[in-house]
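Me: I've got a protein model open and I'm trying to learn how the labels work. Can we go through a few of them together?

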Amino acid sequence: MFLINILFLIFSTVNLDLQHPKNTADFTVYIFLSEDCPICRYYVHDINRLYDEFESENISIIGVFPNFSSKPEKIKTFVADYKLSIPTKTDYFKKISTAVGATKTPEVIIQYESNKIIYRGRIDNAFAALGKRRRVVTEHNLKNILIKLEKGLQIPFTQIETIGCYINYSDLK
């Protein structure tokens, strides 16, 4: 059952109440993905490294495929071809995507204790714009936040613009 109460506050958290019976981690890292998005394909290696380094009892990392066009066989092929190692789920009816306000792939949303969002944004600054990749990555946004979470440091709500492919909300109609 999803009870959604979204409150957007500047420099604050976003509160929502989502039931995740199998997830007992304090922090859930949703990485919204699309098998058709070239930027998602680019990030698979980095996502796998972050999963290997940070997945724990306190931090759960989940790949979410929100587009209705992401059929199970296409996701399975994507996972196999690109060797994606994180657990994945579909979100065809956009319950998770809508609840956390995801708009693009790849976009990261970190949820704390099932009711607060503390991060919304990119994995790093590898892309300056669509189709324009930087030569050198200088900001490892997700990794830096995960390091802080692992150390038990408090993180204020942070939002960083994501470069990627839009989630198709029109397929709900």
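Me: Where is Lys-94 placed?
Reply: Lys-94 sits in the loop between strand 6 and helix 3 (95-100). Helices (H or I, at least four residues) and strands (E, at least two) are DSSP runs, numbered from the N terminus. Before we go on: this is a predicted model, where local features need pLDDT of at least 70, side-chain atom pairs count only at pLDDT 80 or more, and totals for chains, interfaces and linings use all residues. Residues are numbered from 1 along each chain as its sequence is written, and side-chain values use heavy atoms, with hydrogens and water left out.

Me: Why is Lys-94 called buried?
Reply: Buried means under 20% relative accessible area, exposed means over 50%, and partly exposed is in between (1.4 Å probe, protein chains only). Lys-94 has 1% relative accessibility, so Lys-94 counts as buried.

Me: And what makes Lys-83 exposed?
Reply: Its relative accessibility is 61%, so Lys-83 counts as exposed. You'll find Lys-83 in the loop between helix 2 (72-82) and strand 6 (88-90).

Me: What is there to notice about phi in Lys-83 and in Lys-94?
Reply: Lys-83 isn't a glycine, yet its phi is positive, near 60°. Lys-94 isn't a glycine either, and has a positive phi of about 60°. Most residues other than glycine have a negative phi, and most peptide bonds are trans.

Me: Which residues does a cis peptide bond join?
Reply: Thr-105 and Pro-106, with omega about -10°. Pro-106 is in the loop between strand 7 (104-105) and strand 8 (107-112).

Me: How do you know that Cys-37 and Cys-165 form a disulfide?
Reply: A disulfide is a pair of cysteine sulfur atoms within 2.5 Å. The sulfur atoms of Cys-37 and Cys-165 are 2.4 Å apart, and that makes the pair a disulfide. A search of the whole structure turns up 1 disulfide.

Me: Why is the disulfide of Cys-37 and Cys-165 called right-handed?
Reply: The torsion about the S-S bond is about 80°, so the disulfide is right-handed.

Me: What makes Arg-120 a residue with no salt bridge?
Reply: A salt bridge is a side-chain nitrogen of Lys or Arg within 4 Å of a carboxyl oxygen of Asp or Glu. For Arg-120, which is buried, the nearest side chain of opposite charge is Glu-107, 4.6 Å away, and there is no salt bridge. Lys and Arg count as positive and Asp and Glu as negative; His and the chain ends are not counted.

Me: Where is Arg-120 found?
Reply: In strand 9 (residues 116-121).

Me: Why is Ile-155 called buried?
Reply: Its relative accessible area is 14%, so Ile-155 is buried. Ile-155 is in the loop between helix 4 (141-150) and strand 12 (158-159).
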